[in-house]
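Please look at the sequence and the structure first, then read the points below.

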Amino acid sequence: MSNHDDVAVETVALTRAFGKSDARVEALRGIDLKVPRGQFLAVMGPSGSGKSTLLHVIGGLSLPTSGTVQVQGHDLATLDDDQLTLLRRRRVGFIFQSFNLIQVLTAEENVALPLVIDGRKRSEVEQRVREVLELVDLGARRHHLPAELSGGEQQRVAIARALVMDPALVLADEPTGNLDSLSGEKVMRILRRLVDTRGLTLILVTHNSRDAAMADRLVYLRDGRIVEEQILSAAHSSREVLRQLEELA
Amino acid sequence: MTLSYLVLREVRRRPGRTTLTFFGIALGVAAAVSVALTTTATRRLYRDMFETLTGRAALEVVAEGFVGFAAAVASDIEKIDGVRGVFPIIQAPAALLTDQGTAPVLVLGIDPARDREVRDIKLRAGAYLDERDGILIEAPFALAQGLEPGDAVRLLGPGGFMATEVAGLLDPTGVGMFQGGSVVFLERRRAAQLLGLDDQVNCLQLVLEDGAAVDEVETRVAAVLPAGQRVQAPASRGRLARDSLLSTEQGLASLSIISLIAGAFIVLNTFHMNLAERRRQLAVLRAIGVTRRQVMGLLLREALLLGTAGTLVGLVLGVLFSFGMTRGMGDLLLMDLPGLQVTWEPLLTGLIVGIGTTLAATYLPARQAGRREPLEELCSHRRTDVGARPGPSVWVGVLLLAICAVVTTGFLCGWMPVDLITPTMAATLIGFVLILPLFLTPLLFLARRVLVPLFGVEGEVGLRILERQRGRTALTAGVLFVALIANVGSGSSIRASVRDLDEYFERTIVADYLVRSAMPDIGLLSAPAMPEDLDQEIARLPGAQSVEKLRFLPARVGDQPVIVMARTVAPDLPVHLDLHNVAPDEARARLRSGEVIAGTALIQRLGLEVGGTLTLATPSGDREVRIGGATTEYTAGGVILYMEWAAAQELLGVKGVDVFSIGAAGGKAAALEAPLRAFCDQRGLLLQSNADLRAAVDQMVRSILVSDWVILALVFVVASLGIINTLAMNVLEQTRELGTLRALGMLRRQLRRIVLSQALGLACVSIVPGLLVGLLVGYLMNLATLSLLGQPVEFRVDWVLLAVCLVVAVAVSLAAAFFPARRAAGLEVAVALQYE
Ligand SMILES: Nc1ncnc2c1ncn2[C@@H]1O[C@H](COP(=O)(O)OP(=O)(O)OP(=O)(O)O)[C@@H](O)[C@H]1O
Ligand SMILES: [Mg+2]
């Protein structure tokens, strides 16, 4: 694979179907997508178009029906469950629309979890956790349980958790969907900064044009297919981008 | 679509949980029903037997000690207002000798011409006694013995041997259980001859005029009776038998209550979780306008559906179980229980209890669910655990335990009837489970000590889940907790008693050989008696040194039925009794001077004193007898009086010997066996050597222990079902979080370990208090034997039992975790993440 180093994610003729016969739903119908390292890709599309399914398949949470997925040069189909899990643990960070924090653990413990699972030393864990919590500006709330945090704070904990292993790829499914616009903007600025400063690859699913406008590239999904694709350059004024996005929708 | 449709959907959507709940209920009901049926069968057996003996007689006249008396008084009684007829009979155990061996029988000497007025007996084959001389026996017994009408047989009684033949076969009367023996009807005068009663009878059965007041007739009859005779309701003779069954019944009753409580906990737990899982769904219903009452109705309907189905299956299972248990009970009591008759009372109890418990277990959570604000529930991430803080139930538990403590003190001091032991035990169990949340914090701390070093992160996560959901943790642990208390409690107490019993036999079985006509019936303690003069013949055998005569006699001290154990007391031989506060030599001297030695149970029950006197009812009226000492006795539940042979003869008119106890001259024990055996075989007698006796005792001890282990296993089965159920639901509820953990990079096996560590954590939480409280309950039950047996049984901690319970509890928890763990590991991550 010649482009091993530059391509973070590549899917070829990817399909994913659910159910059988009558109840069969084809969520993805042949996705060819190449995401270079360090790119911020926004995925948009109407509800039910297959955005979440795409993220799940890329992250190895769900298996494709046909086609291939390569993540950081690994063909996911060749990995067994343990290898897939390790890939997820060390290379991929997930951010979910509904946070999915572990309710019985405090903010700090939630963030520390991937490190602890990986068996890192306590001192290392403490230091990393402090760093990422600072990054998302949550140092003060670290002893709180998820139920004691606001939605925006919970999402920032989830982001810190996704970043704590220093992953090369972050998959974010509507991270701002549950947040007010101010908190949402804060989250987006954090993500953008990480892409710029750490060479992180970010795939962001969103319904929000403002969020999408901060990406480097945009793909538009409808009925399980990519129907539109666009490179957003810094040269475009954000007003321009927003107008184009609105046309797309 | 109606709301009921929602119930069906809910049941169908969770087939695993539904099945588990269903079986939890079924098992609880089955245990209760089978025990109830078995107990009823045993009770009915005794009742049937007494009914056959007494027929239509509403009253009977007997002499004290059940000895013979002249029937002359019958003519006086016949004149009394309200008495329609007086039927003199003789009733006593004897032995029937056939080609196949010796069988114990109950001889009923009747007047063939008149007996049909008092008793219905149906002839199956042969002829009735007024047509043909001989005996009537029950058809199944005859079949077993290979007897047909016309066959020759011999009977053995205190009057000696008697040759006769089978005249006819009867439909079974229910007495057939009598040691696998039968009732033998024969002509009264022949019976008198067999039993050495000359012209006498030992019972007058009175049939009353229709509508006569039994009480009044009883008073009038009593007025004409000479001293030493007494009129009574026939059933009162059954009391002694019932007393000796009490302890067995108590064991069965506790078992059924324990399984019911465990079953109720399982049900409570299920619905508690069921609700926790559906809180959002219910809140949505509330938000769209479903009333509280409707929500409550919905849940109750679901409970009713599951409860009814579970109860019905439980009833069927219960009937099946009881077939096995009846057989086991028969083995334990050395009786042939009659075929199981399914009566409707135990079934109705099972029905009410099964469905009732289910509904009750649902009512509180359902009411809570109906009460909650819909909005609060919809913001599900703000949810807090329901049982986080000790609620009012803890204080109910404390109150319950306080009451139980008072009642237990009552048992110890003897002012509480022992019938209340079982309900008290049940209340104690519930009380302890209710207060368990009070001790959860230190227990979880302990669990942490075990789990974190063992399971690392997975242990930590598993433990956190237990810690945050304290209410449910307490409930789940409660199931195992109850099982442990029940097992350790009843196990320690049974074991202590068995050990004590064993040691008692060790001390008291000293005779080299025993000769008897047949094994006694342990329910009635009656055995066919042998002629007295056999002792001379035995004494002449080479190697025989001493021959003691023993006889068990029913008697009364005041209103208390007792057993008098009459025995010869040789001036030169030691008395082998487990004596209290009196030297053996002194005891022997006192017995020989006509004093009695009383069982500690009797002394305790009647508030007697060594050195004082008791009033013994005798055929010649009440007699004061001095109490020369106290002894530990298990025979007849310890309600026993030892009396020297001559004194017993003088007071109670003993005739016949139940057992000859033979001591061999030094070193001649083995040599004595051959001549003694020949002697016994010739006469159809039963010979038991010391080794035989010990083996019999060992066998009995073993069978008690085995049945105890079986009960233990049964209780653990109920408990493990409960734990499987709870864990499975726990995992179901954690689906989403487990999915998240997988997304974050947890391996399948790590997820499995989280579930396992939860199971082990639950085990930790229940094992420590379970073993401790179990020991306490065992100690209390042991103390309670004081009022049953009259002497304390020394309590010892049985380490084997504790170790087994500990290992089994851990094993049960881990085994219960198997399926939930597999499910957790097999989750597809993307699906789990969307789980609601
Ligand atoms: N586990 C599943 N079983 C059956 N069908 C599913 C499953 N998951 C997703 N689908 C179907 O696949 C299609 C795509 O779903 P997906 O969640 O990817 O949509 P989405 O683009 O993320 O929508 P939204 O913007 O609403 O989140 C939908 O039609 C959905 O019904
Ligand atoms: Mg989606």
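The shell around ligand 1 is made of 4 nonpolar, 7 polar and 2 charged residues. In this count Ala, Val, Leu, Ile, Met, Phe, Trp, Tyr, Cys and Pro are nonpolar, Asp, Glu, Lys and Arg are charged, and the others, Gly among them, are polar. The model is predicted: local features need pLDDT of at least 70, side-chain atom pairs count only at pLDDT 80 or more, and totals for chains, interfaces and linings use all residues. Residues are numbered from 1 along each chain as its sequence is written, chains are lettered from A and ligands numbered from 1 in the order in which they are written, and side-chain values use heavy atoms, with hydrogens and water left out.

**Ligand 1**

- Ligand 1 is surrounded by 13 residues, and the closest are S47(A), G48(A), K51(A), S52(A) and T53(A); a residue is near a molecule or strand if one of its heavy atoms lies within 4 Å of it.
- Polar contacts are pairs of N or O atoms within 3.5 Å; within protein, one must be able to donate a hydrogen and the other to accept it, and residues adjacent in sequence count only if both atoms are side-chain atoms.
- An oxygen atom of ligand 1 lies 2.5 Å from a polar side-chain atom of T53(A), and an N or O atom in the side chain of S52(A) is 2.7 Å from an oxygen atom of the ligand.
- For H207(A), the distance from a polar side-chain atom to an oxygen atom of ligand 1 is 2.9 Å.
- Ligand 1 taken alone exposes 630 Å², and the protein buries 67% of that (Shrake-Rupley method, 1.4 Å probe; for residues, only the protein chains shown count as cover).
- β2 (25–36) and α1 (51–58) of chain A are the elements that give two or more residues to the shell; helices (H or I, at least four residues) and strands (E, at least two) are DSSP runs, numbered from the N terminus.
- The largest share of the shell, 3 residues, comes from α1(A).

**The sheet of 6 strands in chain A**

- This open sheet has the order β6-β7-β8-β3-β9-β10, with mixed pairing; two strands pair if DSSP finds at least two bridges between them.
- β6 (92–95) and β10 (225–231) of chain A each have a single partner strand, so one side of each is left without a neighbour in the sheet.
- β9 (217–222) and β10 of chain A pair in the antiparallel sense over 6 bridges, and V219(A) stands opposite E229(A) in β10(A).
- α1(A) lies across β3, β6, β7, β8 and β9 of chain A, at about 155 degrees to β7(A). Axes are lines fitted to C-alpha atoms, for helices over the stretch in contact, and angles run from 0 to 180 degrees between N-to-C directions.

**The sheet of 4 strands in chain A**

- The order of this open sheet is β2-β1-β4-β5, with antiparallel pairing, and its edge strands β2 and β5 (74–75) each pair on one side only.
- β1 (7–18) and β2 of chain A are joined by 9 bridges, and T15(A) stands opposite R29(A) in β2(A).
- α1(A) packs on this sheet as well, touching β1, β2 and β4 (66–71) of chain A; contact means heavy atoms within 4.5 Å.

**Strands in chain B**

- β15 (596–599) and β17 (621–632) of chain B pair in the parallel sense over 4 bridges.
- β15(B) is joined to β18 (640–644) of chain B by 2 bridges, and these strands run antiparallel.
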